[in-house]
Amino acid sequence: MKRGLVLGLLVAVGASSLTARAFYSPQAPQQQGPKVVEVDKVKDNLFVLKGGGGNTAVFVTTTGVVVVDAKNPGWGQPILDKVKELTNKPITTLINTHTHGDHVSGNVEFPATVEVVTQENTKANMEKMDIFKQNDNRGMPKKTFKDKMTIGKGADQIDLYYFGPGHTNGDAWVVFPALRTAHVGDLFASKGLPLVDGANGGSVLHYPETVNKGYSGIKNVDTVINGHSNTTTTWADVKQFADFNQDFLTFAQNALKAGKTPEQAASEWKVPEKYTGYSSQVAQLFGGLPGRIQRLQEEMGQKK
Ligand SMILES: [Zn+2]
């Protein structure tokens, strides 16, 4: 997507909501001015770095540092600088939750010694991105997984899971079992209707099922780091988010079956009242709300 178009979309969204300004544009225009990274301490050895794109997790293990997600272009070095303030251990591993530019672009600024790990579909998606072509594939994944992979053990263990398509077709759940915490990326970016990137295999139809599979398939997590939320959420919030997506899916399927166009359906959708704290803002990327319903229509057609 061209920068001007993205800017226009962001302005359109931003006019009604400041929080929507940061609405996880996969190819956000570069911010001007100093790149300020804010640190939230989640546990003694787990931090969230905020600013410049998606939320970055920093997990300090006995032998080194594991980073999850690397933000927009130009934000890799600010992450490296901030990690140095938190620990003198070296960064050994960088995990990307999914392919979007506000989560992977900083990869190219990490030392080449850092091992990059993603779900296998995310690696395939990243291979199409200009930023990696322009940087001789620096920061591309060397290690991938399909459904599950464990890195490290004991207090340092990380479990990576993939439960099916949602935001993209490569959304990793990154679990720190000793800390009962998971980084779920943009599959659950924040409390609101998620973006679905059809071009990268995202699915409106399977979204609730995918979130539910993660919710029931992963045990012993209390704290959730979201792709773009300002604060952490809870495991119970994951269940509520799955329900929210199921309610949206049911609404959209019924509207389409009643012969409504995606535009008509979109104009009738409201956040159900029981979802308190959910944003009524819908990010305009990927065609906004009509675009999501259109995507569902295509997916329903495919199924027949
Ligand atoms: Zn994303």
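This is a predicted model: local features need pLDDT of at least 70, side-chain atom pairs count only at pLDDT 80 or more; totals for chains, interfaces and linings use all residues.
1. Zinc ligands. Four residues coordinate the zinc ion: His98 through NE2, His100 through ND1, His167 through NE2 and Asp186 through OD. The distances run from 2.2 to 2.3 Å. Along the chain, the donors are spaced H-x1-H-x66-H-x18-D.

2. Site geometry. The angles among the 4 donor atoms span 82 to 171°. The site is irregular, because four donors count as tetrahedral only if all angles lie between 85 and 135 degrees.

3. His167 sits in the loop between strand 9 (158-161) and strand 10 (173-176). Asp186 sits in the loop between strand 11 (181-183) and helix 6 (207-217). The two are 19 residues apart, and the pair links distant parts of the chain. His167 counts as buried because its relative accessibility is 0%. Asp186 is also buried, with a relative accessible area of 2%.

4. Helix 2. This helix covers residues 76-86. Its buried residues are Gly76, Pro78, Ile79, Leu80, Lys82 and Val83. Note that a lysine, Lys82, is in that list. Which strands do the buried residues of helix 2 pack against? They pack against strand 1 (38-43), strand 2 (46-50), strand 3 (56-60), strand 4 (65-68) and strand 5 (91-95).

5. Thr118. This residue lies in strand 6 (residues 115-119). Thr118 is buried, at 1% relative accessible area. Leaving aside residues up to four places away in sequence, Thr118 touches Asn96, Lys123, Met126, Pro141, Lys143, Thr144 and Phe145. Its side chain reaches the backbone nitrogen of Lys123 at 3.5 Å. Thr118 and Met140 are 22 residues apart along the chain, with their C-alpha atoms separated by 9.1 Å.

Notes. Residues are numbered from 1 along each chain as its sequence is written. Side-chain values use heavy atoms; hydrogens and water are left out. Donors are N, O and S atoms within 2.8 Å of the metal (3.2 Å for Na, K and Ca); water is not among the atoms, so sites may look incomplete. Four donors count as tetrahedral if all angles lie between 85 and 135 degrees; four count as square planar and six as octahedral if opposite donors are over 155 degrees apart and all others between 65 and 115; anything else is irregular. Helices (H or I, at least four residues) and strands (E, at least two) are DSSP runs, numbered from the N terminus. Buried means under 20% relative accessible area, exposed over 50%, partly exposed in between (1.4 Å probe, protein chains only). Contact means heavy atoms within 4.5 Å. A polar contact is a pair of N or O atoms within 3.5 Å; within protein, one must be able to donate a hydrogen and the other to accept it, and residues adjacent in sequence count only if both atoms are side-chain atoms.
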